[in-house]
Amino acid sequence: MLNRRTFLKGLVSGSAVTGAGLLVPRSLRAGELPMGATESAVWAALSGKKPLIKRTYRPPNFETPIRTFSDVVTPNDQFFVRWHLAHIPQVVAETWRLKVGGDSVERPFELTLDRLKRDFEPVELFAVCQCAGNRRGFSEPHVPGVQWGAGAMGNARWKGVRLRDVMARAGLKRDALEIVFGGADYGAIDETPDFIKSLPLWKALDENTLVAYEMNGEALPHWSGFPVRLVVPGWSGTYWMKQLISISATSKPEKGFWMSKAYRIPKDKFPLIDRFYSQEGEANTPITDMVVNSLMTNVEEGQHLRAGQSTTIAGLAWDGGHGIRRVEVSVNGGRTWREAQLEQDYGRFSFRAWRHTFTPRRGGKHVLMAKATNRQGSTQPYELVFNPAGYHNNVVQRITVEVV
Amino acid sequence: MSADAMKTLNALLLAPVVVFSVTAFAGEDQIELKEGAGRDTVMANCVMCHSIDYIPMNSPFMKRTDWQATVDKMVNVMGAPISQDDIPVILDYLTTYYGVE
C-alpha cells in the first residue's frame, strides 16, 4: 500500500483500513458489496499482470484497485480483466487471421496481423473501457452477476485502424444494417452460446471505432485481447470484442443471446442518447453509451484528515464521449459545492483527471462528494436508478472522513 | 467461436493453442464451498463450466426463486447438462448455504 500512502500526501490516514490484506472498498455509499463478494475477493495475479481484485477465476474476472486510478492512464498490467467464456486460447500472431465478410459485403477477405498494420492508416486515441456491470455490486437490492466494485474500468491509449476503412475494402452493400463481431474465446461445452456482439452501422463506421492492436504503446496483452480487439469509444465494454477473428456485415439484426437477452437496459429508466434501433425491443434496449460518472481516487471511507491542513481530493470523470464540462466537489455532504480544477484533456473519450484543494476546519465527520457534468449537460443522480442487471450505476459517490 | 470450430481451426492452423484448464487458474483449487448436503452435486454440475467462486460471490442475497432462475439460465441458455433429479438438490443447497429466505 506504499504507493497509495505516498500518493495521499496531504491526507493523513489514521484508520487501519488497509491492514495487511485487502484494500477493497466495500462501500461506495451507493450501497455495499454483498458480504459473500467481499469475502470471496482476493488479490491474485494472472500471468503478466500485477495482483488485481479477483472476483472469479474461470472465466477470469479481475478488478482494478481504486488506487491505480491515481493515474489518468491505466497501466496494462493493472487493467481490469473480464471474460464471458472459460476457454481463452493463446493466440499466435503469425497464424491469427481476421475474416471480413457477411451477406452485406461485396468482397469478403482475410487479413493477417502484418497486413492489418500495413494496409490501413494507423489511428491513436485515448478511450475509457468500462464494463457495463461496473459497480453492479453496489446495487440495492443486489442483483445476480459479477459483483464488481468501482474498478471494472480503465483508460488507455489505443492504436489501431479504423473499422470503416476495413469495411470499405470489403465494400458494404446498401442493405447493411449491423456489423457483427466474433472472438476466439469459447465455452466449456458446445451448447453455451458463443460470445457474439454487433454494432449498428452508424457506430461501426464512426471514425473513432477502431480495430486495435496496441494498448499504451505495447502489443495488446493476452488478457486484453491479443492480438486485436475492437475499440468502441464512448460505448460500454461489452462491444469491445477481444481476440477479434471475424467481422461480418449483415442485413438482419444479430439474434444471439448476448445481443437479444443480455446487456439490455429498461427503455423507460434512462435517456436514450445513442440509439441502436435494430436491437430495440418493446421494453428494453441494448446498453450503448456510458453515462457520465466520477470517482474520488485518493480518499477512503473512514479516513482521518487533519484540521487546518490543506488537503487535496483527486479523482476522475468520464462519460459516453461528449467530454466533461465540469466536476463539482462538496466537503459538507452536498450543502455547498465548489468547482474542481480539471486537469489535462486527453480527448472526449478519455478519463478526465480533476482535483480540489480545501482546508478542513471543524472536527468530526464530513461527507465528501463529487459530481461530474458532461458537455451535454447530463449529470449524476443522487439516488440509484435501479435496473435488473445493475447497469449504469453513476450515483454520486459519498465518502465519510473524520477531521481530527 | 464454437468449441467445434475452434478444434477445426486448430487442426488447420497447426498452431499450438493452449487452453487454460481448471488448474491453470491456480487459486481456483483453494475455493471450498460450505460443507452440507448437496455440495457434491453442486460441484459435479457447476465446475465443468465455471469456477465455484460465482456462488459465494452472489451471496447471501438470493432467495430460492433467484437461485432457481440462475440454475434455469444455466440449463436453458448456457446448455448445462444438469439432470432434472439434481436440480432440487442444487437449489436446496444453494438456498440453505448461500441464500436468504
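A residue counts as buried if 20 or more other C-beta atoms lie within 10 Å of its own, as exposed if 12 or fewer do, and as partly exposed in between, with C-beta atoms placed from the backbone. This is a predicted model, in which local features need pLDDT of at least 70, side-chain atom pairs count only at pLDDT 80 or more, and totals for chains, interfaces and linings use all residues. Residues are numbered from 1 along each chain as its sequence is written, and chains are lettered from A in the order in which they are written.

Helix α2 of chain B runs over residues 39–46, and B:V42, B:N45 and B:C46 are buried in it. Those residues sit on the same side of α2(B), because they cover an arc of only 85° around the axis, taken from the directions from the helix axis to the C-beta atoms. B:D40 and B:A44, on the other side, are exposed. What do the buried residues of α2(B) pack against? The partner is α5 (86–98) of chain B, contact being C-beta atoms within 7 Å. Helices here are DSSP runs of H or I, at least four residues, numbered from the N terminus.

Finally, 39 residues of chain A are in contact with 34 of chain B.

Definitions and conventions. Contact = placed C-beta atoms within 7 Å. Helix = DSSP H or I, 4+ residues; strand = E, 2+ residues; numbered from the N terminus.
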